[in-house]
Amino acid sequence: LNTDNKIEKMGVSVIGYVKKAFTAGKNESCNCGAKEPEQIDAHIELVLYPNEALNDTKEMFVVEVTERSRRLAAAGLLSSNIGTNWKTTGLNDKLVGRWVKFTGWLFYDNDHHSGSWRSDMGDTYGENNWRATAWEIHPVMGIEVLPGRPAEIPVKKP
């Protein structure tokens, strides 16, 4: 994979319906092998069509709140309408089952290249596919809970 990927250095925003938020990634390279829950990323799974794709990994996109993001949020330095507590349990309570706009940095998570449908359409090598793409927003630098489904997102998958 290209380590000089200009796309990976872009700030982006994504809107999705939050399916799950949980502590994930013990021993991940991006966390220097951290094992303690407060040092591990909050892994948030998004879908666009919650009624049709609630359990469909082919359409699930990942965003991650890092330990550093949590510290910045606690200091009031990040944009948010959910307050300054970005601990995983709080994120789960405030985000799951809601439409949310996340802003942050685009990151290609090479650790999960073989677990994405975009990279392994037949699910024939590496880990079992569990996500649409290895691209994610990581770290999340802004969280905005929306009042409902945005009008431009159809209720059902076209």
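**Basis of the entries.** I am working from a predicted model, in which local features need pLDDT of at least 70 and side-chain atom pairs count only at pLDDT 80 or more, while totals for chains, interfaces and linings use all residues. Residues are numbered from 1 along each chain as its sequence is written, and side-chain values use heavy atoms, with hydrogens and water left out.

**Overall layout.** I counted 3 helices and 6 strands in the chain, where helices (H or I, at least four residues) and strands (E, at least two) are DSSP runs numbered from the N terminus. Read along the sequence, these elements follow the pattern β-β-α-β-α-β-α-β-β. Of the 158 residues, 44% count as buried; here buried means under 20% relative accessible area, exposed over 50%, and partly exposed in between, with a 1.4 Å probe and protein chains only. The chain exposes about 8600 Å², of which carbon and sulfur atoms supply 53%, the areas coming from the Shrake-Rupley method with a 1.4 Å probe and, for residues, only the protein chains shown counting as cover. I also noted that, among contacts (heavy atoms within 4.5 Å) between residues at least 6 apart in sequence, 68% join residues at least 24 apart.

**Strand pairing.** Strand 1 (residues 11–23) pairs with strand 5 (residues 99–108) in the antiparallel sense over 7 bridges, and in this pairing I found glycine 16 opposite valine 100. Strand 1 also pairs with strand 2, again in the antiparallel sense, over 6 bridges, with phenylalanine 22 standing opposite histidine 43. Returning to strand 6, I read glutamate 136 as the bridge partner of phenylalanine 107.

**Nonpolar cores.** I took a nonpolar core as a set of buried Ala, Val, Leu, Ile, Met, Phe, Trp, Tyr and Cys residues joined through side-chain atoms within 4.5 Å. The largest such core has 25 residues, of which Ile44, Trp86, Leu91, Leu95, Phe102 and Ile143 touch the most other members. Strand 1, strand 2, strand 3, helix 3, strand 5 and strand 6 each supply at least two residues of this core, and strand 6 gives the most, with 5 residues. A second, separate core of 8 residues includes Tyr17, Val47, Val62 and Trp99. I then listed the surroundings of phenylalanine 102, leaving aside its neighbours within four places in sequence, and its contacts include Val12, Val18, Ile44, Val63, Leu95, Ile137 and Ile143.

**Helix 2.** Which residues of helix 2 (residues 67–74) are buried? I found Ser69, Arg70 and Ala73, and seen down the axis of helix 2 its buried residues fall within an arc of 100 degrees, so they line one face of the helix; the arc is that of the directions from the helix axis to the C-beta atoms. An α-helix has 3.6 residues a turn, so residues three or four places apart point the same way. The buried residues of helix 2 pack against strand 2 (42–47), strand 3 (61–65), helix 3 (88–95) and strand 6 (135–145). After helix 2 comes glycine 76, whose phi is positive, near 75 degrees.

**Salt bridges.** With a salt bridge taken as a side-chain nitrogen of Lys or Arg within 4 Å of a carboxyl oxygen of Asp or Glu, the count comes to 4. One of them joins the side chains of glutamate 45 and lysine 19 (3.9 Å, N to O), linking strand 2 to strand 1 across 26 residues, and I noted that both glutamate 45 and lysine 19 are buried. Glutamate 59 forms a salt bridge with lysine 157, the closest N and O atoms being 2.4 Å apart; this pair links the loop between helix 1 (50–53) and strand 3 to the segment after strand 6, 98 residues apart. Glutamate 59 is partly exposed at a relative accessible area of 27%, and lysine 157 is partly exposed at 39%. Glutamate 67 and arginine 71 meet through their side chains in a salt bridge (2.7 Å, N to O), and both lie in helix 2, 4 residues apart, about one turn of the helix. Arginine 71 is exposed, with a relative accessible area of 51%.

Technical notes: Pairing = 2+ DSSP bridges.
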